[in-house]
Amino acid sequence: MSKKSKHNHCKKEEGCSCNATAAPKKTCLDTDCILVNSVVGSRSVQKVAETTLPITAFDGLTSLEDIVSISVVPNLDGITMNARVIRDKVVNIGLIPATITITLVGGVVLAPLTTSIPFQAHTDFPGACPQDILQETPLEVEGIFTQPGVPVLTGPVVGDLLEGILFKIILRTTITVTRPVLQDGSGNICDVNQNRCTTQTTPPSFTFPAPDNGGLLG
């Protein structure tokens, strides 16, 4: 029996002791394939957060004509966002907390109202399939819009309307969809999941978790 070389790096190790200053050791692989992420697509997209609140939501506001200014300050750190990839599409649903402050004539500032404004987006993504990996950059605010005078339905009949204020926040992010694939020593590529894009007989259904406090007024 030949004596093993003391330079054999394929011997079984009981554990790894990693040292950032030491050069990595060679290791034996079972195959010459490597796992890589193939980019299905990447694009910049917009999401729209929008809600309409009745004037009764603001203590002290009785007439829209008394409004001098409306300030909306979104809390980007508190965003609740859920997303899924379905066939050829990326679906986003979420809530963005915002603090609304209204100033009336005479310099009267109403108590700030903190609420959650819902948003959603459905982005066409040709080639995307369920089980692909979805990544999004942090949301950025592109614009904030308010529109007093929008009616709000407050009851079961059309006549149950109150004056309201529309709040809209335009958000932007970059969506990137990737897919795990195997690449062999010759450069050939195959999908890790060959059934990833198989058409389903019934549409997929998802129930996202509720945000803290149900997204109610804070």
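This is a predicted model: local features need pLDDT of at least 70, side-chain atom pairs count only at pLDDT 80 or more; totals for chains, interfaces and linings use all residues.
Local features were taken only where pLDDT is at least 70 and side-chain atom pairs only at pLDDT 80 or more, whereas totals for chains, interfaces and linings use all residues. Residues are numbered from 1 along each chain as its sequence is written, and side-chain values use heavy atoms, with hydrogens and water left out.

The protein chain contains nine strands and zero helices. Both kinds of element are DSSP runs numbered from the N terminus, with at least four residues (H or I) for a helix and at least two (E) for a strand. Read from the N terminus, the order of elements is β-β-β-β-β-β-β-β-β. Contacts (heavy atoms within 4.5 Å) were also examined by their separation in sequence. Of the contacts with a separation of 6 or more, 75% are between residues 24 or more positions apart.

Burial was assigned from relative accessible area: under 20% is buried, over 50% is exposed, and values in between are partly exposed (1.4 Å probe, protein chains only). Of the 218 residues in the protein chain, 28% are buried. Accessible areas come from the Shrake-Rupley method with a 1.4 Å probe, and for residues only the protein chains shown count as cover. The protein chain exposes about 14,500 Å², of which carbon and sulfur atoms supply 53%.

Nonpolar cores were then located. Such a core is a set of buried Ala, Val, Leu, Ile, Met, Phe, Trp, Tyr and Cys residues joined through side-chain atoms within 4.5 Å. The largest one has 22 residues, and the members that touch the most other members are Phe58, Leu61, Ile102, Ile165 and Phe167. At least two residues of this core come from each of strands S1 (34-54), S2 (67-74), S4 (89-104), S5 (113-124) and S8 (161-183). S4 gives the largest share, five residues. With neighbours within four places in sequence left aside, leucine 61 is in contact with Ile55, Ile67, Ile102, Leu104, Leu110 and Ile165.

Threonine 178 is placed in strand S8. Threonine 178 counts as buried because its relative accessibility is 7%. Not counting residues up to four places away in sequence, threonine 178 touches Asn37, Ser38, Val39, Val40, Asp132 and Ile133.

The search for salt bridges (a side-chain nitrogen of Lys or Arg within 4 Å of a carboxyl oxygen of Asp or Glu) gave a count of five. In one of them, the side chains of glutamate 50 and lysine 168 meet at 3.2 Å, N to O. Glutamate 50 is partly exposed, at a relative accessible area of 36%, and lysine 168 is partly exposed at 27%.

Another salt bridge joins the side chains of lysine 89 and aspartate 124, at 2.6 Å, N to O. Because lysine 89 lies in strand S4 and aspartate 124 in strand S5, the pair ties together parts that are 35 residues apart in sequence. Lysine 89 counts as partly exposed, with 25% relative accessibility.

The side chains of glutamate 142 and arginine 172 also meet in a salt bridge, at 2.4 Å, N to O. This pair links distant parts of the chain, with glutamate 142 in strand S7 (residues 140-153) and arginine 172 in strand S8, 30 residues apart. Glutamate 142 is partly exposed, with a relative accessible area of 43%, and arginine 172 counts as partly exposed at 26% relative accessibility.

Disulfides (pairs of cysteine sulfur atoms within 2.5 Å) were searched for in the whole structure, and zero were found. Cysteine 33 is in no disulfide, and the nearest cysteine sulfur, that of cysteine 190, is 6.6 Å away. This separation is too far for a bond between the sulfurs of cysteine 190 and cysteine 33. Cysteine 33 counts as partly exposed at 32% relative accessibility, and cysteine 190 counts as partly exposed at 35%.

On the surface, Leu35, Leu182 and Val192 form a nonpolar patch with about 260 Å² of accessible area together. Patches are made of residues with over 30% relative accessible area and no salt bridge; like charges are joined within 9 Å, and nonpolar side chains (Val, Leu, Ile, Met, Phe, Trp, Tyr) within 5 Å. Leucine 182 lies in strand S8 and counts as partly exposed, with 32% relative accessibility.
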